[in-house]
Every structure is written in C-alpha cells, then in structure tokens.
Amino acid sequence: MCDLWKNTTNESVASGDIPAQIEWALNHLPHVKHLKLYNSGSFFDERAIPEKDYERIASLVKGFETLLVESHPKLIGEKCLTFKNMLKPELQIAIGLETVHPEILALINKKMTIEDFRESVSFLNNHGILSRAFVLLKPPFMTESEGVYWAQMSIESAFNSGVECCTIIPVRSGNGAMDILQDQGHFSPPDIRSLETVTEYGIKINAGRVFADLWDIEKFSRCSKCTDQRVARLVAMNLGQEIVPPVRCICDS
Ligand SMILES: [Zn+2]
C-alpha cells in the first residue's frame, strides 16, 4: 500500500553512493530552506544508508534550516542521535504510523505495532528530535467511511504520541499487491472528498500541522467538474493550515 517499491534498488548501495547522489541533486536544485531526504526505505537502515556516510551527508546539508528523513519505528534509536549530533539543520524524522486500526495494521504486514510507534516518537522527543506521522487514508479492508474514521483516529493518536505534524496519504493501487486486493474486492482507492474531510478534521483539532499528500491527486477524483477546485482547496489548506470553504458540486448530492 505504500510507494517504497518505486525508485528503489534490490541491492544495498556502496558507501559513498548516497552522498554522491545528494551532492549531484543539490547542484541541480534551486536553493530552499528545508530538505527532505526520503530514500524509499529507512534512513537508519544500515543496508540502505551506511553509517560511514552520515558525516558527509551532514556536511552536504549544513546550509539548510530543516532536514527530514524517514524511518521505520523499529530502526529509531542511538543511530538517530549519532546523526543528529553531526547536523546543523533541525532534524525531523517521518515515521509511518499507517493506521491505528490494530487488526488492519497487522494485516498490512508493516511488522510494527502502535506501541512501537509511540515508543519511537517518545524516544525522539526525549532527545530533542521532531517527528511526523504518515497516516494512510483507506488502507485495504476498509470501506470509504471506515477509511475516513480511522484516518481521523490515527491523526489524533499520532498527535497524542507527540508528533509535530501528520501527512495523510491516500492509498494508491499500482504495485501489483494492491491491484490483486482490488480485484478481490478488498481495496478501492479513496475519494478526493474523503481526503478533504480528513484534512479538515486534522486542521480543526489544532494539535499540529496537517498535510494532504497530493501526489497524483487527480486520480482520486471521480467527478471531472470539481477536480481542479478540490485540488486547489487541498493546496490552500496545506499551505495555510486553515479550513477553506467547501467546494459545491452536483457530485455531492
Ligand atoms: Zn463534482
């Protein structure tokens, strides 16, 4: 249900490869204040990013205000502190909470529990490292309304655990496994209106920043008349962190 199967490798990369990639990318990008190094895996997985590379990575990113990396909760530990101590920018670690529905979290084979997530966030908070949660909108085995409800519960739970912000990710098909579940009737992609509902809810509870993930967002719209307005509404809510008046369209009736 996640996108880690894209843009990744089957083999571990050699030490030095990741810093070289970062250096190349930074030379080709306009200057910005905040940098995300999402590696389609866990930054703190030794087989993804060798610890030997931390120092060079830290030196490459020293001009940024914030650095974001992603990690599985079970890989949160001492290595995060080692890396943080080398860094000039403020470190934030994104962790997939996915869903607080305990049975469905087990079914999606993430090999983690809600307790693992809470412990990781608490460890990071105790060491002055910010965290953010990835929350899935409508993982497999949920109806549309269950998808909305559990995404809302997951956002609340993530903030209660101590994250600084949440990103809501509408679940996509396309990786093969999700397509099989879809054919079996266990999954269908969420509606863009559900993403609006969950984003509104997250902003309304005022516990931290809430972002809707807008990658390929048009695919989640089933009505061509209001797609552009709904996407614009989500963009405005992401940027302003305030509720934007709802879109009115015949598809609501
Ligand atoms: Zn419409």
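Which residues have the most contacts inside the largest nonpolar core? In this predicted model, that core has 48 residues, and the ones with the most contacts inside it are Ile-93, Val-135, Ala-151, Cys-166 and Ile-168. Helix α6, spanning residues 144–161, contributes six residues, the largest share of the core. In soluble globular proteins, nonpolar side chains tend to be buried together.

The strands form the next part of the picture. Six of them make up an open sheet with parallel pairing, in the order β1-β2-β3-β4-β5-β6. At the edges are β1 (34–37) and β6 (209–212), each of which pairs on one side only. On average, neighbouring strands of the sheet are turned by 25 degrees against each other, direction ignored.

Within this sheet, strand β4 (residues 130–137) and strand β5 (residues 165–170) run parallel and are joined by six bridges. Val-135 has Ile-168 in β5 as its bridge partner; both residues are among those with the most contacts inside the core.

Two helices lie across the strands. Helix α5, residues 114–126, lies across β3 (90–98) and β4, and runs at about 170 degrees to β3. Helix α6 lies across β3, β4, β5 and β6, with an angle of about 170 degrees to β4.

Leaving aside residues up to four places away in sequence, Ile-93 touches Val-69, Ser-71, Ile-76, Cys-80, Leu-124, Ile-129 and Ser-131.

How values were computed
Residues are numbered from 1 along each chain as its sequence is written. This is a predicted model: local features need pLDDT of at least 70, side-chain atom pairs count only at pLDDT 80 or more; totals for chains, interfaces and linings use all residues. A nonpolar core is a set of buried Ala, Val, Leu, Ile, Met, Phe, Trp, Tyr and Cys residues joined through C-beta atoms within 7 Å. A residue is buried if 20 or more other C-beta atoms lie within 10 Å of its own, exposed if 12 or fewer, and partly exposed in between; C-beta atoms are placed from the backbone. Helices (H or I, at least four residues) and strands (E, at least two) are DSSP runs, numbered from the N terminus. Two residues are in contact if their C-beta atoms, placed from the backbone, lie within 7 Å. Two strands pair if DSSP finds at least two bridges between them. Axes are lines fitted to C-alpha atoms, for helices over the stretch in contact, and angles run from 0 to 180 degrees between N-to-C directions.
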